[in-house]
Amino acid sequence: MMPPVIAIDGPSASGKGTVAAQVARELGFHYLDSGSLYRLVALAAQRAQVSFDDEAGLARLAAGLDVSFDGGEARLAGESVDEELRGEACSAGASRVARFPAVREALLARQRAMRRLPGLVADGRDMGSVVFPDAALKVFLTATAEVRAERRYKQLIEKGMPATIDILLADLRERDLRDANRPVAPLVQQADSVLLDTSAMGIAAAVAFVLAQWRERVPGLF
Ligand code: CDP
């Protein structure tokens with residue numbers, strides 16, 4: 001039997017990363033932040049001066065990405081790059097490199113290799129549709145664009161990074177459009193996923209919701 005997967009997909013800044021990481025911690029599961037892989041490809045491309053339009057060049061970078069996650073901290077060729085990865089340049093770059101089928105294909109095996117016992121919580125855009133279509137639980141976690149822009153704003157300000165709410169909202173909408181309309185692995189709610197709208201919900205309630213859904217599916221374990 002394959003280790004169980006909880007797939008949490010949704011748009012930018014919906015809080016899915018925080019929720020997924022906490023669910024993983026609660027269950028003692030591994031955690032895959034698939035977005036960070038696309039961010040890493042964008043960063044590696046910037047550094048190697050590979051154009052965001054060069055599909056073959058980007059796919060080569062993606063396949064050879066020298067990445068490690070040290071206690072959740074991303075390292076590119078040994079160097080800690082967490083802060084850079086979260087910046088707006090990598091956010092926008094990630095959604096541009098993620099358009100390409102060859103880039104997505106190059107990252108597939110790396111993502112599936114994270115599926116280890118006792119289980120995996122994976123967050124992204126296509127966890128339930130492409131990477132782990134047999135996930136035991138699929139959640140589509142979302143919130144209105146305004147609420148998401150507000151959350152991203154607070155996050156950046158807390159980190160001492162400059163931010164303007166109007167620009168963040170425009171960027172989010174642009175990224176949502178690109179992610180939802182691309183021909184490969186677009187961001188859409190799967191028919192077999194559970195919708196979780198967190199517009200008026202805090203992190204703790206969202207985590208509790210996912211855990212309750214999980215317990216409903218595997219009652220024997222609890
Ligand atoms: O944190 P946020 O949701 O803003 O971004 P992220 O999850 O780190 O993903 C960054 C970008 O990578 C997204 O805008 C997507 O274009 C892309 N991505 C993807 O295509 N497929 C995934 N499974 C995860 C991210």
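**Entry: a salt bridge.** I began with R96 and D53, whose side chains meet in a salt bridge at 3.4 Å, N to O (a side-chain nitrogen of Lys or Arg within 4 Å of a carboxyl oxygen of Asp or Glu). R96 lies in helix α5 and D53 in the loop between α2 and α3 (55–63), so the pair ties together parts that are 43 residues apart in sequence. My helices and strands are DSSP runs, numbered from the N terminus: H or I over at least four residues for helices, E over at least two for strands. Searching the whole structure, I found 14 salt bridges.

**Entry: ground rules.** I am working on a predicted model, where local features need pLDDT of at least 70 and side-chain atom pairs count only at pLDDT 80 or more, while totals for chains, interfaces and linings use all residues. Residues are numbered from 1 along each chain as its sequence is written, and side-chain values use heavy atoms, with hydrogens and water left out.

**Entry: around the ligand.** How many residues surround the ligand? I get 20, and the closest are K16, R39, R104, D126 and D179; a residue counts as near if one of its heavy atoms lies within 4 Å. By class, I note 10 charged, five polar and five nonpolar residues in this shell. For the classes, Asp, Glu, Lys and Arg are charged, Ala, Val, Leu, Ile, Met, Phe, Trp, Tyr, Cys and Pro are nonpolar, and the others, Gly among them, are polar.

Which helix gives the most to the shell? That is α2, with four residues. I also see that α2 (34–48), α5 (88–97) and α9 (165–181) each supply at least two.

Entry: A side-chain N or O atom of R39 is 2.6 Å from a ligand oxygen. For R175 the corresponding distance to an oxygen of the ligand is 2.8 Å, and a polar side-chain atom of D179 lies 2.7 Å from a ligand oxygen. The protein covers 97% of the 530 Å² of accessible area that the ligand has on its own (Shrake-Rupley method, 1.4 Å probe).

**Entry: backbone.** Where is the cis peptide bond that I noted? It joins L117 and P118, with omega about 5°. P118 sits in the loop between α6 (101–112) and β6 (120–124). I also jotted down A13, a residue other than glycine with a positive phi, near 60°. A13 is in the loop between β1 (5–9) and α1 (16–27).

Conventions: Polar contact = N/O pair within 3.5 Å; in protein donor to acceptor, adjacent residues only side chain to side chain.
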